[in-house]
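Please keep the sequence and the coordinates in view while reading.

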Amino acid sequence: MIVNPGSSRLHAATVRIDDPGPLTDYIGPGDAAFLHGNEGFVAIGQVARFETDSMCAAEEWWAEFSGTIENESEMPGRFGTGPLAIGTFCFDPDNTRSTSLLIVPKTVIGRRGGQAWLTQIGFDRVSPEPPDRYEPPAAPGKLQFLPGSLSEQDWMANLRQVTDHIRAGEASKVVLARDVVAQADGPIDPRSTLRWLASAYGSCWNYLVDGFVGSTPEMLVRREEGLTCSRVLAGTIPRVEGVDDAQQAARLISSTKDLDEHRLAVMSVRQSLGEYLSGMHVPESPYVLTLPNVLHLATDICGISQPWLSTLALAQAAHPSAAVCGVSTDVARQLIRDLEHLDRGRFAGPVGWVDAQGDGEWAIALRCGQLDPADPTRMRLFAGVGVVERSDPWAELVETEAKMVPMKAALRGLD
Ligand SMILES: C=C(O[C@H]1C=CC=C(C(=O)O)[C@@H]1O)C(=O)O
């Protein structure tokens with residue numbers, strides 16, 4: 001569905017601006033953002049919106065739509081500048097009631113590499129006016145975290161069933177997720193959640209689109225002028241107060257269970273992107289990525305993609321990787337449908353943006369929550385774990401709790 005398509009020619013104008021300060025100050029109700037440290041952008045208003053259950057349809061729509069925009073720019077070719085679409089895609093469109101969507105904003109305020117810009121898109125000739133700032137939105141008041149689709153006991157029982165299927169040789173890895181419901185006594189403003197995440201988890205990609213908010217450390221595919229990179233994460237150890245990080249990192253990097261989980265995730269991205277990238281570099285062994293709540297095994301894969309393959313097409317090829325689905329993909333996806341008892345919605349799907357040249361960034365939507373469109377006092381939080389033969393249900397439950405720490409703290413507005 002497209003809203004407000006207009007009939008005349010669309011124009012986009014990009015100008016350099018002075019440093020606008022915190023980008024999160026410009027996010028109004030219903031607006032979107034994609035932030036990484038001091039960089040990224042906020043997407044204000046909507047020129048068009050495309051709802052779909054298919055990444056392929058979204059890619060075709062954007063290729064056609066962006067081709068109609070007349071583009072003027074003081075910063076031609078600068079990554080992220082100019083007209084773009086920001087979006088979120090469901091993990092499994094055949095097993096959800098949620099929608100995937102792309103939004104073309106009216107205004108983008110962005111910053112990258114010390115340069116800030118403003119892009120405006122409209123049906124008339126546009127004059128780039130800096131938009132207003134907003135007061136910081138309030139964190140929700142009283143908050144409770146309630147069980148989601150399954151109790152902890154039932155979730156662990158299902159995880160045992162997953163390991164039985166793995167032992168029977170049906171799959172080598174399955175990612176099982178669970179949810180928790182955050183219930184506030186008043187409406188939750190996801191902008192306050194995003195602000196908190198962006199300041200505490202600046203090394204992650206912090207996003208807000210259509211009430212879906214989160215802070216993910218995993219990049220499915222980033223394409224900048226053909227250079228295409230993916231950060232694969234799998235294998236996790238929670239950070240523990242009083243325990244030295246170096247000691248935890250040494251445990252993680254020598255855990256054969258975590259290394260197996262990681263190897264399968266890397267293999268899946270190597271296979272899916274390998275078809276499309278030349279000169280692909282896949283490091284032999286992972287490094288340890290340290291976040292405020294957990295340590296992950298991480299591998300950065302890079303290669304060169306053909307100019308006609310947009311970042312949306314590449315994301316479509318790479319999704320779902322074995323970091324969020326499993327091996328083999330089809331068997332793991334079916335086991336997830338049968339045993340997870342959860343509508344993942346947009347959790348673990350691609351979230352990000354694409355520009356008119358096909359460059360952009362699609363992260364994997366992890367460490368996130370979806371505001372209930374029918375009840376803004378409720379947000380559903382998600383976390384998953386890679387299950388392999390030797391997975392221990394209790395340890396995996398603890399890992400999901402560690403992965404929910406950022407969202408729970410953000411909602412509470414904790415220091
Ligand atoms: C599925 C999630 O994490 C994935 C990414 C990093 C590490 C993972 C793990 O160790 O299980 C998961 O594969 C999640 O955060 O919900």
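The shell around the ligand consists, by class, of 8 nonpolar, 5 polar and 3 charged residues. The model in which this shell is described is a predicted one. Of the 16 residues around the ligand, those that come nearest are Leu233, Thr236, Leu366, Gly384 and Gly386. Two strands, S15 (227-238) and S23 (375-387), each contribute at least two residues to the shell.

The unreviewed UniProt entry annotates residues 152-403 as "domain: Chorismate-utilising enzyme C-terminal". In the model, residues 152-403 are 34% helix and 37% strand, and the end C-alpha atoms of the span lie 15 Å apart.

Helix H7 comprises residues 329-339, and Ala332, Arg333, Leu335 and Ile336 are buried in it. These residues lie on the same side of H7, because they cover an arc of only 160° around the axis. The face of H7 turned away from the buried side carries Asp330 and Asp338, both exposed. On the buried side, the packing partners are helix H2 (152-167), strand S11 (173-184) and strand S19 (326-327). After H7 comes histidine 341, with a positive phi near 55°.

Helix H6 (residues 311-318) presents another pattern of burial: 8 of its 8 residues are buried. The buried residues of H6 include Thr311 and Gln316 as well as Leu312 and Leu314.

The largest nonpolar core has 119 residues, of which Ala33 and Val174 touch the most other members. Apart from residues up to four places away in sequence, alanine 33 touches Leu23, Thr24, Ile27, Gly40, Phe41, Val42, Ala43, Leu194, Tyr207 and Leu208.

Is threonine 68 buried or exposed? Threonine 68 has 9 other C-beta atoms within 10 Å, and a residue with 12 or fewer counts as exposed; threonine 68 is therefore exposed. When neighbours within four places in sequence are left aside, threonine 68 is in contact with Arg9 and Leu10. Arginine 16 is 52 residues from threonine 68 in sequence, and the C-alpha atoms of the two are 23 Å apart in space.

Definitions and conventions
Residues are numbered from 1 along each chain as its sequence is written. This is a predicted model: local features need pLDDT of at least 70, side-chain atom pairs count only at pLDDT 80 or more; totals for chains, interfaces and linings use all residues. A residue is near a molecule or strand if its C-beta atom, placed from the backbone, lies within 6 Å of it. Helices (H or I, at least four residues) and strands (E, at least two) are DSSP runs, numbered from the N terminus. Ala, Val, Leu, Ile, Met, Phe, Trp, Tyr, Cys and Pro count as nonpolar, Asp, Glu, Lys and Arg as charged, and the others, Gly among them, as polar. UniProt positions are given in the numbering used here, feature names are shortened, and annotations may be inferred rather than shown by experiment. A residue is buried if 20 or more other C-beta atoms lie within 10 Å of its own, exposed if 12 or fewer, and partly exposed in between; C-beta atoms are placed from the backbone. The arc is that of the directions from the helix axis to the C-beta atoms. Two residues are in contact if their C-beta atoms, placed from the backbone, lie within 7 Å. A nonpolar core is a set of buried Ala, Val, Leu, Ile, Met, Phe, Trp, Tyr and Cys residues joined through C-beta atoms within 7 Å.
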